[in-house]
Amino acid sequence: MRVPVTRSNDLSAGSSSHLFLPVPPPLGVPPTVALAIEIPVPHAWPFGEGVGKVQKTTTVFVNGRNVVLDQHDCGPLIAQITIPPQNSFIPVQLLQSKRAVIVTCFSVRMNGKTTACTSLWPPLPLLTCGQPMSMPATFTFTNLCTNVHVGMSGADLIGGIIQTAATMAIERCFSRPYGVSLTAQEESQKSLYGAAASLLASVVQHAIDPRYPMRVDATTKGPFGTEIKISVSAGSADTRNNPQKISISIQKKVEDDIKSSSMSIGASGEYTWDAGGDTTKEGLKGQVGLAGSAPGFGAKASAGGEYHPDAPEGQRGKATLKREEATPFGSESTQIDHNPGAPEGGRWSSQKETVARTQRGDRRTTAVNNPDGTRTITVVENNDGKVTLTTRQEPGEAMALPEPAGSGGSPPPAVGTSASDIWGPPL
């Protein structure tokens, strides 16, 4: 099935249901559920960009715009107008809003992620926040005339339907009156059902097409209020693009009462045992980090390492320090890599990336200090749908080195298309 790609400036709108309490709230009267209108917003919603919810391409463009990818969510501070509109719960709804992608195209990947499938026709909705459960009644409506399409398979669609239906059923089953929290046992049960839903969806997809991996994502509570996540992906007939791996993370998070802001500390590890012969991906990865977020703002600092025992000399190990900051107006990240297997004098490299967002577009500047002492500066600018790429190399001491996997060098070249068919406000 042909589905138009979704660009960063495409708009979505629809309906949902939310808690309602008149203004001013009457004493002793519980809230009810009311129909709500999801107002149009672009997929590159600035407040979603600030907290890292927006997932889009960085070097692939359609009609001069970024393309929306898997795990995308427009994020917080999206207004929902309940009927009637005078609602005491509006501040809470703003902070907890979401518009998440349901279906993706498994066979088309951009910047390493599958491509989002959301449109008015064929009807492929987004999953929005709501009470007593999330609602798939919001659609992207400005990509109908886009001349770039991806081929969504039946397995893509069926997997998305199963996962969405299960999510809605679980949320409805564990819905509680406002102000009543789930018990620890109920939280564990909800997590178990969610893991079973993700496994069922992936098993069905794998039965239709063996290239799809079977996947399970489980979350449980650990000691001292920590949260433990376990994810396993295996069984794909195409392990080069879908490696067989297991990852485990543990995190301690402190949130406010309505879960709009948080601080967290955590650690994660990943083991990949089959990447289709790509030895630079097979092996161990680990990371520890601190993170904080508030509506529209996010920051993270992490230290990590990886070891690939069968990779070529010079690509077997790497240690990384990274700092990231984001706001609705831009983001900045700095990464330092140390490759102990490289020749003396070429073991260190670093990269700094700055993104400035305006109403007309964004400007992404990447400065890479290469192991050989040279410096590569790449600027990708998107201005009113016109994409330009400039790269310059600053000299240094020449030294032939094997490039560490995943670090060093300049980013892939940008791909641009004309901006003759742009819908929605520029972002």
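**A strand, its loop, and other sites**

Guide: R109 lies in strand β8, which covers residues 103–110. Helices (H or I, at least four residues) and strands (E, at least two) are DSSP runs, numbered from the N terminus. Residues are numbered from 1 along each chain as its sequence is written, and side-chain values use heavy atoms, with hydrogens and water left out. The model is predicted: local features need pLDDT of at least 70, side-chain atom pairs count only at pLDDT 80 or more, and totals for chains, interfaces and linings use all residues.

Is R109 buried or exposed, or something in between? R109 counts as partly exposed because its relative accessibility is 34%. Here buried means under 20% relative accessible area, exposed means over 50%, and partly exposed is in between (1.4 Å probe, protein chains only). R109 is also 9.3 Å from D70, C-alpha to C-alpha, though 39 residues separate the two in sequence.

The loop between β8 and β9 (113–117) holds N111. N111 is not a glycine, yet has a positive phi of about 50 degrees. With a relative accessible area of 38%, N111 is partly exposed.

Positive phi turns up elsewhere. F224, also not a glycine, has a phi of about 60 degrees. F224 sits in the loop between β13 (214–221) and β14 (227–234), and it counts as exposed because its relative accessibility is 78%. N63 takes a positive phi near 55 degrees in the hairpin of β4 and β5, where 2 residues lie between the strands. Strands β4 (residues 56–62) and β5 (residues 65–68) run antiparallel and are joined by 3 bridges; two strands pair if DSSP finds at least two bridges between them. The bridge partner of F61 in β5 is N66.

Other loops hold cis peptide bonds. The bond from I83 to P84 is cis, with omega near 0 degrees, and P84 is in the loop between β6 (80–82) and α2 (90–95). The bond from Q131 to P132 is cis too, with omega near 5 degrees; P132 lies between β10 (126–128) and β11 (135–140).

V148 is in the loop between β11 and β12 (149–151). V148 is partly exposed, at 27% relative accessible area. V148 and R2 are 146 residues apart in sequence and 9.4 Å apart in space, C-alpha to C-alpha.

Strands β15 (244–255) and β16 (262–274) each supply at least two residues of the nonpolar patch. L284 belongs to strand β17 (residues 283–294) and is partly exposed, with a relative accessible area of 47%.
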